[in-house]
Amino acid sequence: MAQMTGLKGMVFALASLLVSAGAAVPALSATALSMQTGAITSQPIGHYEFCKTHAAECDIRTRSTPAPRVTAYGWSVIRAVNADTNHEITPMTDLELYGRDEVWAYPETAGDCEDYVLLKRKRLMEKGFSPADVLITVVRKPDGEGHAVLTVRTAQGDFVLDNLDDDVKLWTKTPYRFLKRQASFNTGRWVTIENGAEIVVGSVGR
C-alpha cells in the first residue's frame, strides 16, 4: 500500500509539471519555436569522458514523443533551478579547478558552463522532467567562444537555461549560434541543430 501511495504521488507530481496549458506561447512561427535537429554528430570530448564514469546516465533511450506542455508550476520549477544553481555555483574554469581543459563534472561549489548544465539537468530530472526533454546543448557566443547551455523541450518551444543569465529564455531570444545537442532519443548520442544559424541571422535583422 505504501508503495502504491508513493507511485500515486510521483504521478501527481509529474502531472503538476507537465499536463496543463501553462505559460503563454511567444508569438513566433512554429519553426522558430523549436530547434530542428539533424544527423548524428560528434560527441564533445568532455561528455565522452563524463560518460566513462557515469555510464548509466549516457545510455538512457526513449521513444520519440512530442515535447510536453509545461504547467505554470513547471515553469516556476525551471526558473528556480536555473537561478538557484547560478547563484550557488562560483564560475571557475577547468584549468583553474583541475589544471586541464574539458573536464565535465557535477560541481560542488565551483564549475564552468558544462558543470552548471549537468547540475541543472540532474535537478530537473529529480523534479520529474524526462531526460528526453532536458538536453545539454553546445552553442557559440557572439565573440566566437564555445559555450554550453541546457535546452528544455516544451510544447511552447525550446527554452534555454544559461549560467550567464538568470532568466529562462526562448532559444531564439538568446545571442547564440546553436551547433548541436544531446539526442532526445539517446542521452549518449548528439545531433546537429539545422536552423541555429537561421535564427541568429533573423535575430540580428530585427
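Strand β8 is joined to strand β9 by a hairpin that passes through two residues, where strands (E, at least two residues) and helices (H or I, at least four residues) are DSSP runs numbered from the N terminus. The model is a predicted one, in which local features need pLDDT of at least 70 and side-chain atom pairs count only at pLDDT 80 or more, while totals for chains, interfaces and linings use all residues. Residues are numbered from 1 along each chain as its sequence is written, and side-chain values use heavy atoms, with hydrogens and water left out.

From the strands, the reader can turn to the charged side chains. A salt bridge is taken to be a side-chain nitrogen of Lys or Arg within 4 Å of a carboxyl oxygen of Asp or Glu, and by this rule the count comes to eight salt bridges. One of them links lysine 52 with glutamate 49, with the closest N and O atoms 3.7 Å apart. These two residues are separated by about one helical turn, because they lie three residues apart in helix α3 (residues 45-53). Lysine 52 counts as exposed, at 54% relative accessibility, whereas glutamate 49, at 36%, counts as partly exposed.

Another salt bridge brings together the side chains of arginine 61 and aspartate 59, at 3.1 Å from N to O. Here arginine 61 is exposed, with 62% relative accessibility, while aspartate 59 is partly exposed, with a relative accessible area of 46%.

In a further salt bridge, the closest N and O atoms of arginine 123 and glutamate 88 are 2.8 Å apart. This pair links distant parts of the chain, 35 residues apart, since arginine 123 belongs to helix α6 (residues 113-126) and glutamate 88 to helix α4 (residues 72-88). Arginine 123 counts as partly exposed at 24% relative accessibility, and glutamate 88 counts as partly exposed at 45%.

How values were computed: Two strands pair if DSSP finds at least two bridges between them. Buried means under 20% relative accessible area, exposed over 50%, partly exposed in between (1.4 Å probe, protein chains only).
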